[in-house]
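Hi,

Here is the structure I promised to pass on to you. Have a look at it first, and then read on for what I found.

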Amino acid sequence: MVPMSWYLALGAVLFTIGAVSVIVKRDILSMLLAIELMLNSVNLTLVTFSSYFRELSGQILVFFVMVVAAAEAGVGLAIVVLLFRNRQTVDVDQASMLKL
Amino acid sequence: MNIMLLIQAKPDWQVLAQDAARLLMPEMLVILFACFVLVLEFMLTPEQRRWAAYLSLAGLGAAGLSLALMFVKFTTAEVGFYEMVVVDGFALVFKVIFLLAAIFTIALSIKFLDVENEQRGEYYSLILFATAGMMFMASGADLLSIFISFELMALTTYILVAYLKRDRRSNEAAMKYFLLGIFSSGIFLYGMSLIYGLTAETNLTKIADTLARLARQQAPQATGFVAMAGMIFIAAAMFFKIAAVPFHMWCPDAYEGAPTSVTAFMSVGPKAAAFAIFARIFIDGLPGLRGDLTGESFGWVGLLAIVSALTMTWGNIAALTQNSAKRLMAYSSISHAGYLLLGLIAGNETGYIGLVIYLFVYVFMNLGAWGVIVAQRRASILGERVDDFNGLIHRSPGMAVMMTIFLLSLTGIPPTAGFVGKYFLFAGLIETGNAWLIALCVLAVINTAISLYYYARFIKAMFMSDVKEEEPLALSTSLRATLVTATVMVLLVGVYPRPFIAFTENATRHLLGL
Amino acid sequence: MEQLFFVIFAGIALIGAVNLLLRRNPLYAALSLLTTMAALTGLYIMLKAYFIAVIQVIIYAGAIVVLFLFVIMLFNIRAVERQTDRRGYLKWLALPFAIILIGQFLYIVRLFEENPTPVGTEIGFTEAVGRKLFTAYLLPFELTSVLILAAIIGAVVLAQKE
């Protein structure tokens, strides 16, 4: 039998890796991917709690997190496309105007 | 055993339909009109594009009417949709604030979008969607509905920031705002999952009850730690949203890069909405973690006090050296987030009145000031530098006077509305009698004095410098009407605040648990 | 037996996550995220959250990551790579940040240690989730439809060519 704390520990470690990746990554797409990893670790934590309590609202919350993540990915990638398009036509090598 | 029960549960459609008609009419109207605007877009020729704006104003007006009816109808709080939404004075007052912010923003945008050559219906429908999201946020009684409506607002705001597609600054600002925004959403969710793991509840009042029970029962220390960690995660996400130090770094860039009309909206609507859920979650959901400042227990009051002190000081000091009007106003809005936190810290009636009435008058004074900045944008001039205001008194005396009134109100000089808000915020702190909070109040007063210096730079440019540009300002009837209304309201609330205080007491009654 | 499965899935998930952290090329990062997601699906099944396991594959792996891969492949990745000019000190903040997070998490996890294993009566079936979704969570569900509509409008507005 697997104790609950193992699942939680895995979720915590994944969340930390995701958060650290967001901080150290330099390109936008990898940062977006790292944020997706963070959301995944939240989902794991929620599902663990949900099956421990035998209470569904945790899993429902996971469902909503996934929907929101999908919508966010759509909008985020649209912004990346926009940025890339303007950059390609103007100047690729110039450093960003707004520091991140 | 459980599953049989679940399968038998059937939605009672009649009850739900009644709930929807009774509790959510304004929100439904806003969403409906957002869809109308989208459809209308296809029927208009390019010259008629402005009709989309007028239709959205009509929609907001209709929502305002139904909201006014609800003020008459609801004397007590009512929950609906399986305890997902609550309609109480707090929610209604905030919905009024959001509707006003949206109406003013649309009125400011019409001419601005003409100048930018981006007059399209989607812009207005996105503003309506964001408004609907904010209204649901104010009504949220459950972490889940708060999360979804919050994302609805945030997502539409990201899109609006990127709205000027050909402008690289707009793209980059959107990218940065988006990344930090969803990063903070992730943090918010983790905090939420910890609270859920402790209580097995997502409803705010039930969370409060369960936390209180857990604190009495088993191992209060252990549950206290988990609850505290969850609270800190949620607070960090909220600090992102209201742009409080140390999570403010997106704010100046996003405000500078976004289309000016969108910046005006962001600095008022989403900020007020974030404060609404901040108050909801912390006062309704986590009252047990409040803590105090006597040093016995650490709680969110201490955290908020530290963040508030840092936020006002840093916002004001950074604003001193800005040359871009948009960045200056961004830092000013950061420092205002610091002042607004004081209302939550004080935690008494005066403080809460201060919080709500300050958010209310902030709509008028801040949107007014941004409206004047919007008017500086002309075909060949960006109009975003403080220098661009040079000699405004000669070109448009009325506008210069109105801008002065807005700036004095933002500082908090007596006959204006800003003074009323600041008075209640500061008085709330003094009422607590705690030495630390009184020190915080002194710091806030010092900060107000600092802010006078950079607001005065605008005034100096407008009245004492020579005219640089001769091109006439981009004025339209709707922009003029907005500015005049805002000026009138700023002066009216400043001179005769009594009815407005009575209005905000609708909201504070809920926060005080009466 | 179950523990063995847990170790395998958790190991795969961790390898994927660490790979995501170390790779500079977003293409490889996306693929390692896919690995992590697949491993998490296994864990969801072990937790008897079948519906979540299915939509994890369909939405996350099937839709979101594939969308990412499309964008990465449509555009030249190298050009995207130098897009942000970040302040150097952030990197040095990451390590202490990680240590604090991990320490705090491990403390939290220890608090839950004495709790029994999540055997779970079978609550995660699609039917049960659907029932709950259309009763207690009807309002947020309807709100997501508005959210997705707004996201579609946004994506079209932003990505369409003039």
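A word on the source before the rest. This is a predicted model, in which local features need pLDDT of at least 70, side-chain atom pairs count only at pLDDT 80 or more, and totals for chains, interfaces and linings use all residues. Residues are numbered from 1 along each chain as its sequence is written, while chains are lettered from A and ligands numbered from 1 in the order in which they are written.

**Chain C**

I call two residues in contact if their C-beta atoms, placed from the backbone, lie within 7 Å. Five residues of domain 1 of chain C meet four residues of domain 2 of chain C in this way. On the domain 1 side, three of these residues are nonpolar, one is polar and one is charged. For these classes, Ala, Val, Leu, Ile, Met, Phe, Trp, Tyr, Cys and Pro count as nonpolar, Asp, Glu, Lys and Arg as charged, and the others, Gly among them, as polar.

Of the contacts in chain C between residues at least 6 apart in sequence, 58% join residues at least 24 apart. Burial is a count of neighbours: a residue is buried with 20 or more other C-beta atoms within 10 Å of its own, exposed with 12 or fewer, and partly exposed in between, again with C-beta atoms placed from the backbone. Of the 162 residues in chain C, 38% are buried. C:Val54, in helix H3 of chain C, counts as partly exposed because it has 15 C-beta neighbours inside 10 Å. From C:Val54 to C:Tyr44 is 10 residues in sequence and 9.1 Å in space, C-alpha to C-alpha.

**Where the chains meet**

The contact between chain C and chain A takes 75 residues from chain C and 65 residues from chain A. H1, H2, H3, H4, H5, H6 and H7 of chain C each supply at least two residues of the chain C side. H3(C) gives the most, with 11 residues. By class, the chain C side divides into 55 nonpolar, 11 polar and nine charged residues.

Chain A also touches chain B, with 33 residues from chain A and 33 residues from chain B. On the chain A side, helix H1 (4–24), helix H2 (28–53) and helix H3 (57–89) each supply at least two residues, and the largest share, 14 residues, comes from H3(A). That side has 24 nonpolar, six polar and three charged residues.

**Helices of chain B**

Helix H3 (residues 25–43) of chain B has 19 residues and reaches 27 Å from its first C-alpha to its last, close to the 27 Å expected at 1.5 Å a residue; the expected span is 1.5 Å times one less than the number of residues. Its buried residues include B:Leu29, B:Phe33 and B:Val37. The buried residues of H3(B) pack against H4, H5 and H6 of chain B together with H7 of chain C.

How do H14(B) and H15(B) run relative to each other, roughly parallel or roughly antiparallel? Their axes come within 8 Å and cross at roughly 170°, and H14(B) and H15(B) are therefore roughly antiparallel. Here axes are lines fitted to C-alpha atoms, for helices over the stretch in contact, and angles run from 0 to 180 degrees between N-to-C directions. Angles under 35 degrees count as roughly parallel, over 145 as roughly antiparallel, 65 to 115 as roughly perpendicular and the rest as oblique. The contact has 14 nonpolar, five polar and one charged residues, among them B:Leu340 of H14(B) and B:Tyr358 of H15(B).

**Backbone details in chain B**

A cis peptide bond, with omega about 5°, joins B:Val245 and B:Pro246. B:Pro246 sits in the loop between helix H10 (220–242) and helix H11 (250–257).

B:Tyr82, in the loop between strand E1 (78–80) and strand E2 (85–87), has a positive phi near 55° although it is a residue other than glycine.

Best wishes

How values were computed. Helices (H or I, at least four residues) and strands (E, at least two) are DSSP runs, numbered from the N terminus.
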